[in-house]
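Please take a first walk through the structure shown here, with an eye to how its parts are arranged and how they meet.

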Amino acid sequence: MTELATMEFHPQPQAGESRPWAFPAPERGTQDNGLTVLRCHRPGQQVVAVEVLLDAPLEAEPAGFDGVATIMARAFSEGTDKHSAEDFAAELERCGATLDAHADHPGVRLSLEVPASRLAKALALLADALRAPAFADSEVERLVRNRLDEIPHELASPSRRAAKELSKELFPASARMSRPRQGTEETVAKIDSAAVRTFYEKHVRPATATAVVVGDLTGIDLDALLGDTLGAWTGSLAQPRPVPPVTADDTGRVVIVDRPGAVQTQLLIGRVGADRHDRVWPAQVLGTYCLGGTLTSRLDRVLREEKGYTYGVRAFGQVLRSAPDGTGAAMLAISGSVDTPNTGPALLDLWTVLRTLAAEGLTDEERDVAVQNLVGVAPLKYETAAAVASTLADQVEQHLPDDYQATLYRQLAATGTVEATAAAVSAFPVNRLVTVLVGDAAQIKEPVETLGIGEVTVVAAE
Amino acid sequence: MPMGHTATAQAGSGGLTATEHRLANGLRVVLSEDRLTPVAAVCLWYDVGSRHEVKGRTGLAHLFEHLMFQGSAQVKGNGHFELVQGAGGSLNGTTSFERTNYFETMPTHQLELALWLEADRMGSLLAALDDESMENQRDVVKNERRQRYDNVPYGTAFEKLTALAYPQGHPYHHTPIGSMADLDAATLEDARAFFRTYYAPNNAVLSVVGDIDPDQTLAWIEKYFGSIPGHDGKAAPRDGSLPDVIGEQLREVVEEEVPARALMAAYRLPHDGTRACDAADLALTVLGGGESSRLYNRLVRRDRTAVAAGFGLLRLAGAPSLGWLDVKTSGDVEVPVIEAAIDEELARFAEEGPTAEEMERAQAQLEREWLDRLGTVAGRADELCRYAVLFGDPQLALTAVQRVLEVTAEEVQEVAKARLRPDNRAVLVYEPVSLEAAKHTEDADPPEDPEAEATVEATDENEEAAK
């Protein structure tokens, strides 16, 4: 039964003439202390974003001290030679600023956001944190305890638990990448202020750091500002650290992390593949989007919009670590949650989608829509200063040229259906995927075993 | 002493302006031109949310929101998503207690498409709505509920606290996601009736913000929306007013398989749109917003009894707002230890009020949050709709930050004294149990009603749910 509408209908309108937009080109310079600075004026963006990259990657953590980079990153905002921990937090918030810091495989990253009118004061605080962090015994001890308290919360989160298991499965046990980024109970418990200071002295210096400043810089003398703040930070010269290659075992297999009684199964299906240095990257981005970029992509068209097994399943590629010589890698993965009784059928459909893609390829129409979306959303995606700063910082962290993103948009537009298909199929080969399922093993193990997607093992949740 | 201050001469509004229009069918339109970036945001707020739902049909407003993406007279199946994304746009829809919103951000030259799409479903959804999409989206929404609430630790805390804070039968007693039983019970005819009742041009506000030609935009809006008939099918929502204070401490202890003890609470606070609500926002920020707040300093830094401690504000216009406390305990610390410290801090704050420096910090934080929200065309479009729908005047969005900056320390102290009291809160205590015990508890005590903001496509954002 349908209902006749009484409105007057018009044909679908045609697009108007597009206004040109390009990913902003930053201006690059170096301070006297060796600090690299990228700046970018974005009119109207009253909240300025500052990103600082430190060449202190997780693989530089001393053996047995996983998590020391994380504790150091957090300790930057816990007091300096001028302010106690409480005062430092108060001063930052008085500027209306937020400061986040986290440690990841490529290095430590600090992200400051502050209204342009208070940039000077916030930059001074940021510079103090980098130049003269207090690393007081009691504050580090508190951060360590706090971190230990966080671990059970992470293990209880299905998506985080899945990520932890996938890293453990994919990478050799000797590789830092196989272990949790922020450390385990055993390693974190050993960290003290001396360990943090040693790590800081060894790996943090302006000569191997980069600052990215983006926002409405009208009326701001950024050179003078930087000279008084980050430019006054001193440290010895050093070469950037060599980046070790990434290796992974993607033999097709299934690991079930048992959560008895779970009403859904968290899926994380992944392997390691090309990063942005590889020529295949644009085609891989395109193919991955067609596979699982949105709810009209192939996976959700079946799993969500036809079957209703899930709220959404996504395929994505996320750079783990890149090297100047191109030996870096990205995590290529499919993730989502499906209800427990439909776990087997959902995985069967997922594999059928992958097999069909390999057998029949993408259509030109899919490729066109994907390009139009990926290229077309750029001006929306990069409206804020924070989004631009983050991508510029990613480029630096991944040893890419400053015009990488701008070039990528041109390459995406020039990538054809055949290339996108080939890239998607080699990114997600049906027999080279490691599947982690966080769910009720008693209910899902048997149905998953019958699928033939690899040997199934069950591990306890904790 | 007034503590207001501004970061910039044009703080918050950034010199922004908006114009208002009304079509003959009652559709209200707000336009705001900003040519800096070649993008335009379209935002459509329907004045219907979970508060309009009736007993036995919780979750219907949100389930219906999903159906709005399943096609209309001229748009096939998933065409709405496909066309917007294929045009280089982004889109979503969300449902909260008080409204349902739909939004597209488009490259400027595709603005007309977004207007055409929104008009098509406003005027002709029922031409496409069928059993197949109803059954499919029912399953999708049930999986949304499982993913966001049922399958995560503390996931149902918000709906439990809401159910405590608003009495049985109150329109805000249940949250937008709805209960599994009610989602199962909803029929296609319910969905049709819902559309006929609430989806009318005179029950909506449309805002368009960004790189637009206002005259051309208005002409397109008239062309696409102008012929959709308005109607007065909608009954007023049930009255959400309640006494200023609860009058007793409501309490529920949840024994579940969670990683740590937790203390959560909801305080009954002034309605959104009032100066007292802004004062409450500042009070909560001083007490529990960020890492220089009183509760963070006391519980996390000094006593070291908590992993995290913070306050959030859920602003509501049709019922008292909720001040949202969330503390996760450290190690083996017992809840009463935390509770005593919180009560001590709240009592001291009510006694002394904020210091001048605390006011400055809290106002600076809220000001930055406003700059963030108004810094994108989509954020601005949403705020313009919010003020138009809930308070009848979109211009209020552009001056909201000034109002926060005008609040005095005395007003902050006054609202804290009147509202942040033990007899004005609902408390939820989590006690972790082993798996065996948890199963037993479930059998003995089936889960209660439903919860927060729900959305058509998974995103990281969860704007309505208090942090």
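B:Arg304 sits in the loop between helix H10 (294-302) and strand S9 (306-314) of chain B, where helices (H or I, at least four residues) and strands (E, at least two) are DSSP runs numbered from the N terminus. The phi angle of B:Arg304 is positive, about 55°, although B:Arg304 is not a glycine. B:Arg304 is partly exposed, with 17 other C-beta atoms within 10 Å; by the rule used here, a residue is buried if 20 or more other C-beta atoms lie within 10 Å of its own, exposed if 12 or fewer, and partly exposed in between, with C-beta atoms placed from the backbone. This is a predicted model, in which local features need pLDDT of at least 70 and side-chain atom pairs count only at pLDDT 80 or more, while totals for chains, interfaces and linings use all residues. Residues are numbered from 1 along each chain as its sequence is written, and chains are lettered from A and ligands numbered from 1 in the order in which they are written.

A positive phi, near 65°, is also found at B:Tyr154, a residue other than glycine. B:Tyr154 belongs to the loop between helix H4 (131-150) and helix H5 (157-165) of chain B, and B:Tyr154 is buried, with 21 other C-beta atoms within 10 Å.

Turning to chain A, the domain assignment gives domain 1 (27-232) and domain 2 (253-460), the bounds coming from an automatic or database domain assignment. The centres of domain 1 and domain 2 of chain A, taken over C-alpha atoms, are separated by 29 Å. Their contact takes 29 residues from domain 1 of chain A and 22 residues from domain 2 of chain A, two residues being in contact if their C-beta atoms, placed from the backbone, lie within 7 Å. On the side of domain 1 of chain A that touches domain 2 of chain A, helix H5 (158-170) of chain A gives the most, with 9 residues. By class, that side of domain 1 has 15 nonpolar, 6 polar and 8 charged residues; Ala, Val, Leu, Ile, Met, Phe, Trp, Tyr, Cys and Pro count as nonpolar, Asp, Glu, Lys and Arg as charged, and the others, Gly among them, as polar.

One open sheet of chain A has 6 strands in the order S1-S2-S6-S3-S5-S4, with mixed pairing; two strands pair if DSSP finds at least two bridges between them. Strand S1 (27-30) and strand S4 (98-104) of chain A are the edge strands, each pairing on one side only. Within this sheet, S2(A) and S6(A) pair in the parallel sense over 6 bridges, and A:Val37 stands opposite A:Ala211 in S6(A).

Which residues of S3(A) lie on one side and which on the other, given that both faces are covered? A:Val47, A:Ala49, A:Glu51 and A:Leu53 are on one side and A:Val48, A:Val50, A:Val52 and A:Leu54 on the other, and all are buried. In a regular strand the side chains alternate between the two faces of the sheet. S3(A) pairs in the antiparallel sense with S5(A) over 8 bridges, and in the antiparallel sense with S6(A) over 5 bridges. The bridge partner of A:Val50 in S5(A) is A:Leu112, while the partner of A:Glu51 in S6(A) is A:Val212.

Another open sheet of chain A has 6 strands in the order S9-S10-S8-S11-S7-S12, again with mixed pairing. Strand S9 (310-321) and strand S12 (455-460) of chain A stand at the edges with a single partner strand each, so one side of each is left without a neighbour in the sheet. S9(A) is joined by 9 bridges to strand S10 (residues 329-339) of chain A, and the two run antiparallel; A:Phe316 stands opposite A:Ala333 in S10(A).

Helix H16 (residues 417-427) of chain A has as its buried residues A:Thr417, A:Ala420, A:Thr421, A:Ala423, A:Ala424 and A:Ala427. Seen down the axis of H16(A), these fall within an arc of 165°, so they line one face of the helix, the arc being that of the directions from the helix axis to the C-beta atoms. Their cover includes strand S8 (264-273), helix H9 (281-292), S10, helix H11 (343-360) and H12 of chain A.

Finally, 70 residues of chain A are in contact with 71 residues of chain B. H4(A) gives the most to the side of chain A that touches chain B, with 8 residues.
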